Amino acid sequence: MCVETVDYSVIVNKDMVGPIIPRRRLRQGDTLSPYLFILCAEGLSALIRSAELRGELQGIQICINAPVVSHLLFADDCFLFFKADENQANVMKQILLKYEEASGQAISLPKSEIFYSKNVEQPLQQVITSILGVRTVLGTGKYLGLPSMVGRSKKATFSFIK
C-alpha cells in the first residue's frame with residue numbers, strides 16, 4: 001500500500017503545485033525496485049521448479065555428471081532451458097503468462113529469442129516457436145558483449161577481448 005499511495009509536490013515560481021500522484025507506481029531507479037525485482041524473479045524461479053518437480057518440464061545437462069539446469073537469471077534477463085517438446089513449450093508458456101499476471105511485468109516477446117539444438121527437426125522448431133511467440137536465432141548473437149554460443153576453439157572466440 002505504501003508504494004501505491006505515494007504523491008509528490010513541487011514548487012514552481014514560489015507556488016506549491018500538487019499533489020502529483022504517479023499512475024505507473026514504481027519506476028526504474030526507485031529505491032525499492034531492485035528488491036521487488038528479486039522477489040518477482042524468485043516467484044518465476046519457484047514456478048519453474050514446481051513444474052520440474054511435477055515432471056512437466058525437463059532442464060538440460062552439459063554432461064552426464066553435471067546438474068540439470070532449467071533457468072538462469074541475470075539482472076532483468078532470463079535464460080530458460082527445456083526439452084524441445086510441444087507439451088513442455090506449452091507448460092513454459094503458461095508459466096510465463098502466470099508470472100506476467102502475478103508480477104505485472106510484461107515479457108517483451110519481440111525481444112525474446114529461442115535457440116534450438118541441431119538435433120531438433122524444423123517442423124518441431126516451428127511449432128515451439130509459434131507456441132512461445134518468439135523468434136528463432138542461430139546462436140551467432142552476443143549477450144553482455146560476449147558471444148552467446150562458444151564452439152570448440154575458445155581462444156579464437158574470445159581473442160577480441162585482448
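Q: Before we look at the helices, what makes a crossing left-handed or right-handed?
A: A crossing is left-handed if the near helix is turned anticlockwise from the far one by less than a right angle, and right-handed if the turn is clockwise.

Q: OK, and which is the crossing of α2 and α3 here, left-handed or right-handed?
A: In this model, which is predicted, the crossing of α2 and α3 is right-handed.

Q: Which residues make that contact?
A: On the α2 side the contact is made by Glu-86, Ala-89, Asn-90, Met-92 and Lys-93, while α3 brings in Leu-124, Val-127, Ile-128, Ile-131 and Leu-132. Sorted by class, the contact of α2 with α3 has seven nonpolar residues, two charged ones and one polar one.

Q: How do the axes of the two helices come together?
A: Helix α2 covers residues 86-103 and helix α3 covers residues 122-132, and their axes come within 9 Å and cross at roughly 15 degrees. Because angles under 35 degrees count as roughly parallel, α2 is roughly parallel to α3.

Q: Switching topic, how many helices and strands does the protein have?
A: The protein has four helices and eight strands, and along the sequence they follow the pattern β-β-α-β-β-α-β-α-β-β-β-α.

Q: And how much of it counts as buried?
A: Of the 162 residues of the protein, 19% count as buried. The accessible surface of the protein comes to about 12,600 Å², and 57% of that belongs to carbon and sulfur atoms.

Key
Residues are numbered from 1 along each chain as its sequence is written. This is a predicted model: local features need pLDDT of at least 70, side-chain atom pairs count only at pLDDT 80 or more; totals for chains, interfaces and linings use all residues. Side-chain values use heavy atoms; hydrogens and water are left out. Axes are lines fitted to C-alpha atoms, for helices over the stretch in contact, and angles run from 0 to 180 degrees between N-to-C directions. Angles under 35 degrees count as roughly parallel, over 145 as roughly antiparallel, 65 to 115 as roughly perpendicular and the rest as oblique. Contact means heavy atoms within 4.5 Å. Ala, Val, Leu, Ile, Met, Phe, Trp, Tyr, Cys and Pro count as nonpolar, Asp, Glu, Lys and Arg as charged, and the others, Gly among them, as polar. Buried means under 20% relative accessible area, exposed over 50%, partly exposed in between (1.4 Å probe, protein chains only). Accessible areas come from the Shrake-Rupley method with a 1.4 Å probe; for residues, only the protein chains shown count as cover.
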